[in-house]
Amino acid sequence: MDSNLSEDKGILTVSFTEILFFLFAGSLLFVKGMGFYEGQWPFDCMVVVAYISYALLLVLRKHTIPELLVSIILTILGLVIYHTSGELGAMFHLTFIAGMLGISSRKVWKGAYYIWIITFVVQLFTSFIGVNPNNIYRIHEKMGQYIVRWSLGYTHPNVLHVSYIVLIMLIFYVGDYTGRKLVKASVIAMLGSIGIFIWSVSYTGMLISVVYIVMNLIFDRISLNSKFIKALIGLVTPAAIIFSVLGPVIIKGRAFELIDKALSTRFTLSHYYLTTQPITWFGTKDFVLADTSIVLDCSYVYALMHYGIVFFLMMSIALSAVVIWMMHGNRKKELAIALGIVIAGVTEPFLSNTSYKNIAFIFVAEYLFLILGRFKSKVPFSIGGLTEKTIRVNCSSYLKIKSNIKSVIVKHKWTIIVIACLMIAIGALGYKAVVQYPDSIYSLLWKADRKPSVNGDPYSEYCYLDINNLPDGFNSWILSYTDEVTPLYSYQGFTLMFEYIRRALGVGIVCSFVTLMIYIGTKARKIDGST
């Protein structure tokens, strides 16, 4: 039985199967949304919770014979790849697809939407106020200057921007915007991407967000009935995969150099793996790398090298099939999401790794079980004999609060905009008045892309600090530190100025957010005479 939320009565009906699925998928999505990764205790605990729920789901839910067989095959394949590769990514994706049997994709999208909004806001807020333990940074040369790139709670600055892209995809899907509303939402999404870029400084993240937003707008305006358009769309997925896997091997000379530069050395990294490391059927962990910093950012090469030929082919076929299915079904917003993710896979690894952001697999699961539905046996059965019992939850209070907040935002939108801008300015100016402009920024070498002894690089020299014995009048920011004998880089100039301005802006954003929450909350409580 599908869960149902009656807007009139405010009653949410949830089946036991759905509870188990959302405990499984929701646990993984939440822990990844909070920026945790393998080896950290919150991640490991959530994986245990998730797979206990998954095991119960497989045993207790109703199946047809074909559905059960496919679920078992996907689960076993995931376990085999985990055993051979030592990585959980393939198992995460395969078990997600198997676990989604009988769950409405719309409900999965809404569940992911709420989880991702909450975790994203928490990540940014806790990072801005300085209490997020995972606020990782890198210092890279961008636009001719060294810039501190912040992850704001995620594992890498690029991951921050990818997480934002997933967020706007979820918002656009659940919001179901069309026409003028879509244009307005797209403008806001683009401004948000620019805002995230100020911290992530991710060229690829910015590019992917622009491609997705523009593509979504185009699909909303055009017809998909043209054979030329259908052929063009159908070629995107195989072209992206072939370019990613064969391009680094067959493209040579100047063309390789130009593409590699445009993709921030991703072609070189893929070429290294494809030509020096073993390619196996079910993945491997036996890589012999010249440098531990050599990592794969391309999802398709990552899938092939880490998880093997079988998973790579399954993922490639599944993504291609889903795009064609969406196209022929005239599902434009879903098609934009699927293509956005396919294109993102060329430069980002999240389609394959443990980041749990490949929301295109929701469509893959939906499509797979649609096909299996054509081969249904007479009566679905449950190994555990569980009937589809449901739980009814009264959500009337939540719906009223949601309605009141929406009403306040619509009615007072210009006041909200003015307050937001004003508080950002006040917060930033307040920061400038209180916090003295520093002399330098210090960072450990491995967090920066500068290398020692580079001729002609004025930043090639490094220094040492003893934080327990700093000189009088010391006025610098130490971003990372080990001990007094571990070398550090020192940054001034544009690097320092940009970081100071960005910190002031972050304080302004926090002030704006807190003020708006108080303002909107107060106004919402006054609606319908509530206090």
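1. The axes of helix α3 and helix α4 (residues 89-99) come within 8 Å of each other and cross at roughly 170 degrees, where axes are lines fitted to C-alpha atoms, for helices over the stretch in contact, and angles run from 0 to 180 degrees between N-to-C directions. That makes α3 roughly antiparallel to α4, given that angles under 35 degrees count as roughly parallel, over 145 as roughly antiparallel, 65 to 115 as roughly perpendicular and the rest as oblique. On the α3 side the contact (heavy atoms within 4.5 Å) is made by residues including Leu74, Leu77, Ile81 and Tyr82, and on the α4 side by residues including Met91, Leu94 and Ile97. The residues of this contact of α3 with α4 divide into ten nonpolar, four polar and no charged; Ala, Val, Leu, Ile, Met, Phe, Trp, Tyr, Cys and Pro count as nonpolar, Asp, Glu, Lys and Arg as charged, and the others, Gly among them, as polar.

2. On provenance, this is a predicted model in which local features need pLDDT of at least 70 and side-chain atom pairs count only at pLDDT 80 or more, while totals for chains, interfaces and linings use all residues. Residues are numbered from 1 along each chain as its sequence is written, and side-chain values use heavy atoms, with hydrogens and water left out.

3. Helix α3 (residues 65-85) also packs with helix α14 (residues 360-372), at an angle of about 140 degrees and with the axes 10 Å apart; the two helices are therefore oblique to each other. Here Pro66, Glu67, Val70, Ser71 and Leu74 of α3 meet Leu368, Phe369 and Leu372 of α14. By class, the contact of α3 with α14 has six nonpolar, one polar and one charged residues. Helices (H or I, at least four residues) and strands (E, at least two) are DSSP runs, numbered from the N terminus.

4. Asn216 lies in helix α8 (residues 203-221) and is buried, with a relative accessible area of 5%; buried means under 20%, exposed over 50%, and partly exposed in between (1.4 Å probe, protein chains only). Leaving aside residues up to four places away in sequence, Asn216 touches Phe172, Leu182, Lys333 and Ala336.

5. Lys62, in strand β3 (residues 62-63), counts as partly exposed at 43% relative accessibility. Lys62 and Ser264 are 202 residues apart in sequence and 48 Å apart in space, C-alpha to C-alpha.

6. As for the cysteines, Cys298 is buried, with a relative accessible area of 3%, whereas Cys45 counts as partly exposed at 43% relative accessibility. The count of disulfides comes to zero, a disulfide being a pair of cysteine sulfur atoms within 2.5 Å.
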